[in-house]
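Please read them with the structure open.

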Amino acid sequence: MTSSETQALTDGFHLVIDALKLNDINTIYGVPGIPITDLGRIAQAEGMRVISFRHEQHAGNAASIAGYLTKKPGICLTVSAPGFLNGLTALANATTNCFPMILISGSSEREIVDLQQGDYEEMDQLAIAKPLCKAAFRVLHAEDIGIAVARAIRAAVSGRPGGVYLDLPAKLFAQVMDAAEGQKSLVKVVDPAPQQLPSPDSIARALDVLKSAKRPLIILGKGAAYAQQDEIVRSFVEKSGVPYLPMSMAKGLLPDDHPQSAGAARSLVLKEADVVVMVGARLNWLLSHGKGKSWGEPGSKRFIQVDIEPREMDSNVEIAAPVVGDIGSCLSAMTKAMGDKWPAVPADWIANIQTRKDVNLEKMSAKLMSNTVPMDFHSALGALRTIVKQRPDAILVNEGANTLDFARSIIDVFKPRKRLDVGTWGIMGIGMGAAVAAAVETGLPVLAVEGDSAFGFSGMEIETICRYNLPVCVVVFNNNGIYRGTDQNPTGGEDVAPTVFVKDARYDQMMAAFGGVGVYATTPDELTRAVNEAMDSGKPTLVNAVIDENAGTESGRIGNLNPQSVVSKK
Ligand code: ADP
Ligand code: MG
C-alpha cells in the first residue's frame, strides 16, 4: 500500500464546514449555485441546517436577523458576482444596524480576475465588499480556512457588531490536505465578544449628570436589546425611576405597558427632557440627530451615552457623559453606584408625562375599535394589537410606510427581541428574510405585518416559508399601492400612476399556490380569526387584509424626507 492510500484526506469544503461547526454555528442561509453548491450539500450531510432562499438578499437579511437574535454571526452563502452583489445589500444593512453576520461568497479564479481576462462571473468581490462591512478576508489556501473563519467570527461579534465578508475562490474548495493536519488548523474562538468594562470615572460622571436632572429621560435602542442583558436593563430603569422611550426594535425590552414607558408621550419627553440617557441607541436621523425642533430649545439638554463604540460619542451633539463599554457592564456599574439613596425623579415631570399619555391613549383607543369596511390602518391594527397582547411570545416582523408607522405605535410588545423591522436605514424588503430567520432560530410563531409594497420586495420567499413549513403568518395590508392606491396619471395616458398597483390583487392566492393557507379578509373580525388560526396551527399563512385605498399618507411619518416639487405639476 502506498502512503496516499492509507492517509485520510480533507478538502476546502469540509474545512469550511468543520470550522463553522467547531464554533457552534449550525445554520446556513443562502442560495446554491456555482461554486458553492456542494458546500451546501456537504453542510447538510454534516448535520448543519441549510435554508435555501429564492434570492440572496433575503438569505442575507435572514442571516443578519439570526445574528441579532442569537449574538452569533448569521451565515449567508452565495455564488459569485451577481449572487454576491445580491447578498451585499444585506451585508451593508447588517453593518449599518450593528447586526453580526458573515457573507461567504464563492468567487472566480484569482489569476483571471486580476488580469481582467473575463472569467465566468468575474468580479473583484473583496475590493467591492470592503467599504460596506467591518472586515473582509480572502482565503487562498485550505490550511488558512480555520484562521479565516475565526477572524471573521471575532470581527463580526466583538465591539460594535457588524457584517464581515469572506471570499472563497472556487479553487479553494477542491484543495486537499491531510485530515489530521486540517483538523489541527481549525480554531475555536475563545471569548469572541469580550466584556468591555467602563472606566469608574465615566460612571461617576454619568451619575453626577443624571442626579442634576429635573426632567430625565432614558432612550433604549436595539443595541440594548441585542446585548441580552434584559434584567440589568430593567433594574437600571426601575431603580432610577426615570421614564424611558424604546426605539422601535427595543420595544418589549421592558413591556410596553410598563408604568415608566413614555412611548405614548414621545414628543413631549423629547422636547422637555433636560438630561437624556442613550442606551445602545444612536442620535441618527431616527432621533433628528439630537437637535432641531423636536428636541425643544437649543442647548436645553445634556446627554449621557452608553455604547460599546467610543467613536459614537459626539457624533451629532456633545455628549456630556460618555460611558463606553458593553451594556451589561455599564448599566450594572451605574445601578450599583446609585446606592440605596438615589433621589426620586421629580413628581411634576412624572405627572406631566402621565397626563399626556392618558390623553394620547384615549384618543387612539377610539380609532382602534372602528368596524368600517374597508378597514383602515387603525381598525386592522387594532385587531392585530389584541392578538399580539394575547401571544406575547410571537415575533412581530413589520415593514412598510404607513403600515410600519402605525403598527410601531399601535402594537405593544411585551418581551425583548420580539419586534424586527426596517432598522436604521428604514429599508423595504427585510420582511420575509426576517420572518424565516425568526422562525428558524426560535421555533416560535411569527407574525409579519407588511405593507403591500414592502411585501413585494421579498414576496417570493413565501415559497421558502412553505418549503420549510415555517410557522409564519404574513398579513399584507393591501391598499392598492405605495402610500395610497388613489394616485392618477395626470396626462390621462394608459399607464397608471407610478405609486399604484393592480387593484384588489390577491396576495392570498400566492400563498395558496405554494400549498400554504391563503385568506382574504375585509373586516377586523375576519382578520382576527385568520391570524389566530394561523398562530394556533403553525401553518404558513398569508392574510390579504383589504385596506381603504384612501387611507395612507405620503411616506408615512417621514414625508418631510421626501422632497416635493414646488413647480406646479401638470
Ligand atoms: P436604535 O436604532 O434602536 O436607536 P442603533 O442601531 O442606532 O439603535 O444603535 C445601537 C447602538 O448599540 C450602536 O451604537 C452600537 O454600537 C451599540 N451596541 C451594540 N451592541 C452593544 C453592546 N453589547 N453594548 C453596548 N452597546 C452596544
Ligand atoms: Mg400600500
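**Notes on the predicted model**

1. The magnesium ion (ligand 2) is held by three residues: Asp452 through OD, Asn479 through OD1 and Gly481 through O, at 2.0 to 2.1 Å. Along the chain, the donors of this ion follow the spacing D-x26-N-x1-G. The model is a predicted one, and the site should be read with that in mind.

2. Helix 17 (residues 377-390) packs against helix 18 (residues 402-410) with the axes 10 Å apart and an angle of about 50°. Helix 17 is therefore oblique to helix 18. The crossing of these two helices is right-handed. On the helix 17 side, the contact involves Phe377, His378, Leu381, Gly382 and Arg385; on the helix 18 side, Asn402, Thr403, Phe406, Ala407 and Ile410. Sorted by class, the contact has five nonpolar, four polar and one charged residues.

3. Alanine 380 also belongs to helix 17. Its relative accessible area is 0%, so alanine 380 is buried. Leaving out residues up to four places away in sequence, alanine 380 touches Met375, Phe477, Leu527 and Ile547. For scale, alanine 380 and glutamine 116 are separated by 264 residues in sequence and by 55 Å in space, C-alpha to C-alpha.

4. Helix 2 passes helix 3 in a right-handed crossing. Phe13, His14, Val16 and Ile17 of helix 2 make the contact with Asp38, Leu39, Ile42 and Ala43 of helix 3. By class, this contact has six nonpolar, one polar and one charged residues.

5. Where are cis peptide bonds found? One joins isoleucine 34 and proline 35, with omega about 5°; proline 35 sits in the loop between strand 2 (27-30) and helix 3. Another joins valine 373 and proline 374, with omega about -5°. Proline 374 is placed in the loop between helix 16 (347-368) and helix 17. Most peptide bonds are trans, and so these are worth a look.

6. Serine 288 is partly exposed, with a relative accessible area of 32%. Histidine 289, at 33% relative accessibility, also counts as partly exposed.

7. Glutamate 312 is in the loop between strand 12 (302-307) and strand 13 (321-324). Despite its charged class, this residue is buried, at 9% relative accessibility. With residues up to four places away in sequence not counted, glutamate 312 touches Arg160, Arg282, Leu283, Gln305 and Asp307.

Definitions and conventions:
Residues numbered from 1 in each chain as written. Chains lettered and ligands numbered in written order. Predicted model: local features only at pLDDT ≥ 70, side-chain atom pairs only at ≥ 80, totals over all residues. Heavy atoms only, no water. Axes fitted to C-alpha atoms, helices over the stretch in contact; angles between N-to-C directions. Helix = DSSP H or I, 4+ residues; strand = E, 2+ residues; numbered from the N terminus. Parallel < 35°, antiparallel > 145°, perpendicular 65-115°, else oblique. Left-handed = near helix turned anticlockwise from the far one by under 90°. Contact = heavy atoms within 4.5 Å. Donors = N, O, S within 2.8 Å, 3.2 Å for Na, K, Ca; no water. Buried < 20%, exposed > 50% of the residue type's maximum accessible area, 1.4 Å probe, protein only.
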